Amino acid sequence: MASQQEAHASEHAHLHERLHDCETHRTMERYSVTELIVREDIMAKAKELAELISTADEVQFYRAAEKQVQNHAEVQELIKLIKKRQKEAVAFETFQNKKMVEKINGEIEELQDKLDAYPVVSQFKQAQEDINYLLQLVVTVIRDTVSEKIQVESGTAEPPASCSE
């Protein structure tokens with residue numbers, strides 16, 4: 001019985017030693033978001049994908065709609081007025097004047113409704129939504145594809161037989 005315990009203790013010590021060796025030879029470095037180092041080939045593919053996305057119909061439609069909004073004088077005036085009212089609301093919030101804040105927010109809602117009534121604005125908003133959908137779809141495909149490649153095993157206490165496993 002003593003030899004069994006000794007054998008078990010020896011096996012445990014060997015297992016611990018193997019784990020320690022693997023940990024010291026193969027530790028994962030930790031990086032902050034700003035320090036994260038990405039392989040050049042991954043970055044090159046990401047830039048290639050970004051370039052491909054920038055040629056998509058949705059992006060072309062967005063650029064055209066954005067130009068129409070920028071060149072529409074009435075729409076630009078409404079946007080300026082809304083921004084002005086928003087600043088006024090913030091100022092009255094600072095002075096804790098709830099009545100004026102409510103009044104100005106009501107005006108902002110009316111101005112926003114007028115702005116949204118312009119077809120160029122609704123086209124622009126739709127184009128934004130389409131691009132966001134496209135980007136989210138791409139991110140989802142990448143995430144799902146990576147998730148399929150990474151198989152996380154749960155409940156395994158056995159270390160690898162060698163550090164290369």
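A crossing of two helices is called left-handed if the near helix is turned anticlockwise from the far one by less than a right angle, and right-handed if clockwise. The legends below concern a predicted model, in which local features need pLDDT of at least 70 and side-chain atom pairs count only at pLDDT 80 or more, whereas totals for chains, interfaces and linings use all residues. Residues are numbered from 1 along each chain as its sequence is written, and side-chain values use heavy atoms, with hydrogens and water left out.

**View 1. The crossing of helix H3 and helix H6.** H3 (residues 57-70) packs with H6 at an angle of about 150°, their axes being 9 Å apart; axes are lines fitted to C-alpha atoms, for helices over the stretch in contact, and angles run from 0 to 180 degrees between N-to-C directions. H3 is therefore roughly antiparallel to H6, a term for angles over 145 degrees, and their crossing is left-handed. Among the H3 residues that meet H6 are Phe61, Tyr62 and Val69, and the H6 residues that they face as a group include Phe124, Ile131 and Leu134.

**View 2. The two sides of helix H5.** The 19 residues of H5 (residues 98-116) should span 27 Å at 1.5 Å a residue, and the end C-alpha atoms are 26 Å apart, which agrees; the expected span is 1.5 Å times one less than the number of residues. The buried residues of H5 (under 20% relative accessible area, with a 1.4 Å probe and protein chains only) are Val101, Ile104, Ile108, Leu111 and Leu115. They cover an arc of only 85° around the axis, which puts them on the same side of H5; the arc is that of the directions from the helix axis to the C-beta atoms. On the other side, Lys98, Lys99, Glu102, Glu109, Glu110, Asp113 and Lys114 are exposed, meaning over 50% relative accessible area.

**View 3. The packing of helix H5 against its partners.** The buried residues of H5 pack against H4 (73-94) and H6 (119-149). H4 and H5 pack at an angle of about 165°, with their axes 9 Å apart, and are therefore roughly antiparallel to each other. H4 passes H5 in a left-handed crossing, where H4 residues including Leu78, Ile82 and Phe92 belong to the group that meets H5 residues, among them Ile104, Ile108 and Leu111.

**View 4. The chain as a whole.** The chain holds 6 helices and 0 strands, where helices (H or I, at least four residues) and strands (E, at least two) are DSSP runs, numbered from the N terminus. Of its 165 residues, 15% count as buried.

Methods
Contact means heavy atoms within 4.5 Å. Angles under 35 degrees count as roughly parallel, over 145 as roughly antiparallel, 65 to 115 as roughly perpendicular and the rest as oblique.
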